[in-house]
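Here is a briefing on one protein chain. Read the lead sentences, then the grouped points.

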Amino acid sequence: MDVDNKSTVSEFILLGLSDSWEVQMFFFSVFSLFYVVTVVGNSLIVLTVIADAHLHSPMYFLLTNLSIIDMSLASFATPKMIIDYLTGHNTISFDGCITQIFFLHLFTGTEIILLMAMSFDRYVAICKPLRYTSILSPQVCGAFAVASWVVGVVHATSQVLFALTLPFCGSNEVDSFFCDLPVVFQLACVDAYVLGFFMISTSGMIALSCFILLLNSYIVVLVTVRRHSSGGLSKAFSTCTAHFLVVFMFFGPCIFIYMWPQNSFVIEKILSVFYTIFTPVLNPVIYTLRNQEVKTATRRLKIRFLRSNKASPSHYF
C-alpha cells in the first residue's frame, strides 16, 4: 500500500476476546476473580517477606520483586478489559495504545531477567551451598533487581520508538483485548517482512535464548542433586518442576507469539491470556503455597496481627 495514502490514527478499537455478550460476562467474572486473587496473593507475599525476618534472604528478595512485577503485568491491561465489558467502551487512544505496549514490554522484559536471577539463585544454593551467602550478597541481589528494570526499560523503549515510526492506514481495529506489537503491526503500511524481522530479532530470539538458558540451569541443578544427594532429589525435583512450570507458562506464549508474528489472531489471544492473566496468579500458588517457610511465616504474621488487634484498646465515641 502506498504510504502517501496513510491516514492519521487517533484511536484504536479493541475487539476483545468475543462478540457474544454471554461469553463477555463469563470472561468478566473469571478475569475479575483472577485479578483480585493476583493482587491479593502477590501483596500478601510482599507483606510477609517484609514483615518476617526469617525470609530476609536472596531467594525471597527476588520473589518479592517478582510479585511486584506480576501485579504490574496483570494491571497494565486487565482492569481496562474488565471495565470495557461493563461499559461497552472498547476504544483506546493512540497514546494509550503506545503506553500499553511500553508497559507490557517493560514488565515482561523485567520478569525475564528476574526469572533468570531466581534460577541462578537455586543453582548456587544447590550446586555451591558453601559459597551461597558470598556469591548472592545483598549487593548482588540489588544489582539483579536494578539490572532487570534497566533491561526492561531499554527493551520497552526500543519497541515504542519503532512503533512510533510506523505509518498507520486503513482499519484501526485491534483484534485483541490490549495493544501489542504483533496485532498493531498488522495495521501499519509497512512490508510484513520488515515487521516480522523486527519482532523476531528484538523479542522472539531474546525470549527463546533466555528460555534455553533457564532450561539448562534447571537440568544442571537436577543432575548435581542426583549425583550428591539421593535423598534430596525428590524435593529438588519438585521445586525445579514447579519453578519451570512458571517459566514455561510465561516463555511459551511469548516465544510462539514473537517468533511467529503472523500467527492466527485467535491463537495469539489465547496465548496472551496465559502470560498476562494466568501466570501472575499462578506464581503465588507455585512459589509460596507449596513452600513451608512462607506458609509458616504467613501464620506468624496472622497471629501477630490478631494479637495486635486484641492488645489495642477499643474507643467508643
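The chain's secondary structure amounts to 11 helices and three strands. Both kinds of element are DSSP runs numbered from the N terminus: helices are H or I with at least four residues, strands are E with at least two. The order along the sequence is β-α-α-α-β-α-α-α-β-α-α-α-α-α. This is a predicted model, in which local features need pLDDT of at least 70 and side-chain atom pairs count only at pLDDT 80 or more, while totals for chains, interfaces and linings use all residues. Residues are numbered from 1 along each chain as its sequence is written, and side-chain values use heavy atoms, with hydrogens and water left out.

**Burial**
- Of the 317 residues in the chain, 47% are buried.
- Buried means under 20% relative accessible area, exposed over 50%, and partly exposed in between, with a 1.4 Å probe and protein chains only.

**Strands**
- Strand β1 covers residues 11–14, and its side chains alternate.
- F12 and L14 point to one face and are buried.
- β1 runs antiparallel to strand β2 (residues 91–93), and three bridges join them. Strands count as paired if DSSP finds at least two bridges between them.
- β1 also pairs with strand β3 (residues 173–174), here in the parallel sense and over two bridges.

**Aromatic pairs**
- The whole structure holds 18 aromatic pairs. Rings of Phe, Tyr and Trp (its six-membered ring) pair if their centres lie within 6.5 Å; planes under 30 degrees apart are stacked, over 60 edge-to-face, and the rest tilted.
- F177 and F178 have ring centres 4.7 Å apart and planes at 80 degrees, so this pair is edge-to-face. Both F177 and F178 are buried.
- F274 and F278 also pair edge-to-face, at 5.3 Å centre to centre and 90 degrees between the planes.
- F274 and F278 are four residues apart in helix α10 (residues 265–289), so about one helical turn separates them.
- F274 is partly exposed, because its relative accessible area is 27%. F278 is partly exposed as well, at 24%.
- One aromatic cluster is formed by F102, F103, F107 and W149.

**Threonine polar contacts**
- T87 is in helix α3 (residues 78–87). T87 counts as exposed because its relative accessibility is 52%.
- A polar atom of the T87 side chain lies 3.2 Å from the backbone nitrogen of H89. A polar contact is a pair of N or O atoms within 3.5 Å; within protein, one must be able to donate a hydrogen and the other to accept it, and residues adjacent in sequence count only if both atoms are side-chain atoms.
- T108 sits in helix α4 (residues 94–127). T108 counts as buried because its relative accessibility is 8%.
- The T108 side chain reaches the backbone oxygen of H105 at 3.4 Å.

**Helix α6**
- V150 lies in helix α6 (residues 138–164). V150 counts as partly exposed because its relative accessibility is 47%.
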